[in-house]
Amino acid sequence: MDGSVVGCGCVALMLHVIYKGRALPLVWRVRQGPKGHFPEELPIALVDLVRACLPEGTSVVFLGDGEFDGTMLQQTLHEAGWFYACRTAQSTVATWEGETFRLDALGACSKPGTLIELKEVKITRDAYGPVMVLSCWAKGYQGPLYVVRNMDTAEEACRYDQKRFRIETFFSDQKSRGFHIHKSHISDPQRLSRLLIAACLAYIWIIYLGTLCEKDGWQKIIHRKDRCDLSLFQLGLRTLEYFLNEDFSIPVVFHIII
């Protein structure tokens, strides 16, 4: 889950599913205002939307940055039976084994390459929990990252947290590297939400063309034979361009499930 500026003076909060290094959009909400922290009821509403569509027993891991560490959202994810790993601020207050402290106290006693894991932690002044807290100071970084999670191991949480950045590729594909949706002058949230329907369906279709290109060996013709330096999105765009130039039949596959 993440948010991004769309149109003129609006921001979209979106929930995606990761597929082959790309983030495919599932649901979103658009509101007026600058990019920043969303009211907690918005991410909860998106989680409820997706939860209602999933088959019973589906395994889900929710990933988010520091905007999505609210205790009400964590409670919602817990009740849904979802795993989660969300960044949290260094100023977050935690209570562990009777001691109350800010999370940056963990960073003060660590060094690059250090991984600190605390279990049975209560967080915030409201003492929500118990949850697990992770302080990870990767080599080459200026300081540690703090993650609140409900996974079994710190290594599992770190591995999933690295996938969170995949959503940035979606936003860049929608903007400067693809559809240039950021140049829209639309300022009405409802109209922008409708525009995102078209843009997201187009994005999924282009990813499908990129996957088809890999599967059927077209990349050797439209890109290069020895290796592929393109993302699935860019590969799909080039496949579409090639099919149009050669006047080939263009595959369009969408299924409406009721």
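Seven strands form an open sheet in the order E4-E5-E10-E9-E8-E6-E7, and their pairing is mixed; strands here are DSSP runs of type E with at least two residues, helices are runs of type H or I with at least four, and both are numbered from the N terminus. Two strands count as paired if DSSP finds at least two bridges between them. At the edges stand E4 and strand E7 (99–102), each with a single partner strand, so one side of each has no neighbour in the sheet. From one strand to the next the twist averages 30 degrees, where axes are lines fitted to C-alpha atoms, for helices over the stretch in contact, and angles between N-to-C directions run from 0 to 180 degrees.

This is a predicted model, in which local features need pLDDT of at least 70 and side-chain atom pairs count only at pLDDT 80 or more, while totals for chains, interfaces and linings use all residues. Residues are numbered from 1 along each chain as its sequence is written, and side-chain values use heavy atoms, with hydrogens and water left out.

Valine 60 lies in the loop between helix H1 (41–53) and strand E4 (61–64). Because its relative accessibility is 15%, valine 60 counts as buried, a word that means under 20% relative accessible area, whereas exposed means over 50% and partly exposed lies in between (1.4 Å probe, protein chains only). Apart from neighbours within four places in sequence, valine 60 is in contact with Leu54, Trp82 and Phe83; from phenylalanine 83 it is 23 residues away in sequence and 6.1 Å away in space, C-alpha to C-alpha.

A further open sheet, of three strands, has the order E1-E2-E3 with antiparallel pairing. Its edge strands are strand E1 (2–6) and strand E3 (22–32), each pairing on one side only, and the twist averages 35 degrees from one strand to the next. Strand E2 (residues 10–19) and E3 pair over ten bridges in the antiparallel sense, with arginine 31 in E3 as the bridge partner of valine 11. Helix H6 (residues 189–216) packs on this sheet, touching E1, E2 and E3, and its direction makes about 175 degrees with that of E3.

Key:
Contact means heavy atoms within 4.5 Å.
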